[in-house]
Amino acid sequence: MNYSKFAVIGVGRYGATIARSLSEKGAQVFAFDPNEEKIENIKDDVAFAVTLDATDIRALKSQNLDEVDAAVVSIGENFEATVLCCVHLMDLGVKRIIARASGAHQRLILEKIGITEILTPEHEVAFVVREKLLNPNIVSFLQLPDDHEIAEIKAPKGCVG
């Protein structure tokens with residue numbers, strides 16, 4: 001199977017989890033973060049890990065990010081850095097940009113600059129937990145963007161066998 005190349009920018013807990021999950025599935029992952037310790041923690045789990053400031057377009061340009069299939073911007077605490085990084089990635093011609101937002105205001109701003117794939121981890125986790133609590137037979141759950149849902153459920157005892 002031919003797996004893609006992904007850039008994960010910001011490898012705190014959330015970004016590192018995404019980067020490792022992609023790597024485990026055989027994807028080629030390039031991890032970037034300004035914190036050297038975070039890069040040290042992930043370097044053995046991804047194809048390439050570099051300490052760099054994602055708000056510096058020259059630094060981003062030097063990494064040939066226009067060659068990745070998608071970039072995940074998972075900068076957690078500095079929303080200004082998220083926005084600036086997204087704008088730079090758009091300028092560099094990155095085909096697909098997925099960005100993290102913490103709340104409705106950040107989501108609105110990202111949408112206004114042209115980001116169409118926005119992750120809101122807290123909302124997504126709350127949605128899954130809600131569905132599991134309201135429907136105890138649900139094993140796993142996925143909300144699709146077009147108001148459809150995929151759910152794995154436990155078969156009722158009367159259906160087993």
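User: What order do the strands of the open sheet have?
Analyst: The six strands run β3-β2-β1-β4-β5-β6, with parallel pairing. Strands here are DSSP runs of E with at least two residues, and helices are runs of H or I with at least four, numbered from the N terminus. Two strands pair if DSSP finds at least two bridges between them. This is a predicted model, in which local features need pLDDT of at least 70 and side-chain atom pairs count only at pLDDT 80 or more, while totals for chains, interfaces and linings use all residues. Residues are numbered from 1 along each chain as its sequence is written, and side-chain values use heavy atoms, with hydrogens and water left out.

User: Which are the edge strands?
Analyst: β3 (48-51) and β6 (117-119), each of which pairs on one side only.

User: How many bridges are there between β1 and β2?
Analyst: Five, in the parallel sense, joining β1 (residues 5-9) to β2 (residues 28-33).

User: Switching to charges. How many salt bridges does the count come to?
Analyst: Four, where a salt bridge is a side-chain nitrogen of Lys or Arg within 4 Å of a carboxyl oxygen of Asp or Glu. Among them is D45 with R20, whose closest N and O atoms are 2.6 Å apart.

User: Where do D45 and R20 lie?
Analyst: D45 is in the loop between α2 (36-42) and β3, and R20 is in helix α1 (residues 13-24), so the pair ties together parts 25 residues apart in sequence.

User: What does R58 meet in a salt bridge?
Analyst: D56, at 3.7 Å from N to O. R58 is exposed, with a relative accessible area of 65%, and D56 is partly exposed at 27%.

User: Which residues does H88 touch?
Analyst: Leaving out residues up to four places away in sequence, H88 touches A54, T55, D56, I57 and L60 (contact means heavy atoms within 4.5 Å). H88 lies in helix α4 (residues 79-92) and is buried, with a relative accessible area of 11%.

User: And V125, buried or exposed?
Analyst: V125 counts as exposed, at 52% relative accessibility. V125 is found in helix α6 (residues 121-134).

Methods
Buried < 20%, exposed > 50% of the residue type's maximum accessible area, 1.4 Å probe, protein only.
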